[in-house]
Amino acid sequence: SLNCTITSVHLSHVYDRAINLLVGSRMLQFEGMANEQAGFACARFGHYANAQRYFERALDIYKNEWGALAKYNWLKEQSDGIWTLLRQEIEDPGLSRMCGTHILVEP
């Protein structure tokens with residue numbers, strides 16, 4: 001089997017390339033969803049700073065550019081769970097990895 005380590009740099013690079021293809025395409029919903037999925041992927045691997053960057057961009061697109069307030073509200077609720085993990089990680093490094101990273105709120 002293939003064994004590889006996914007770093008935040010590699011993960012972000014892959015998502016950034018995909019997102020950059022969508023920027024300027026005027027398909028805001030896809031750009032927003034790409035940022036959202038990048039945020040969830042980074043969070044799952046414990047890359048919370050990158051997750052925050054992607055979630056903030058997705059939230060901005062959903063609320064201010066696309067006008068999808070229901071989607072904005074849902075993602076805001078989901079990402080609040082990520083910020084809780086990030087605060088715990090800062091206070092007690094390694095805690096979120098011991099507890100797992102899947103504390104996202106289910107709709």
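Read along the sequence, the protein follows the pattern α-α-α-α-α, with five helices and zero strands; helices (H or I, at least four residues) and strands (E, at least two) are DSSP runs, numbered from the N terminus. The model is predicted, so to speak of local features a pLDDT of at least 70 is needed, side-chain atom pairs count only at pLDDT 80 or more, and totals for chains, interfaces and linings use all residues. Residues are numbered from 1 along each chain as its sequence is written, and side-chain values use heavy atoms, with hydrogens and water left out.

Of the 107 residues of the protein, 36% count as buried (under 20% relative accessible area, with exposed meaning over 50% and partly exposed in between; 1.4 Å probe, protein chains only). The accessible surface comes to about 6600 Å², and carbon and sulfur atoms hold 57% of that area (Shrake-Rupley method with a 1.4 Å probe; for residues, only the protein chains shown count as cover). As for contacts (heavy atoms within 4.5 Å), 55% of those between residues at least 6 apart in sequence join residues at least 24 apart.

Two residues can be looked at individually. Glutamate 36 belongs to helix H2, which spans residues 28-44. This glutamate is buried, with a relative accessible area of 3%. Leaving aside residues up to four places away in sequence, Glutamate 36 touches Phe55, Ala58, Tyr62, Lys71, Trp74 and Leu75.

Arginine 26, by comparison, sits in the loop between helix H1 (8-22) and H2. Although not a glycine, Arginine 26 has a positive phi of about 65 degrees. The arginine is exposed, its relative accessible area being 68%.
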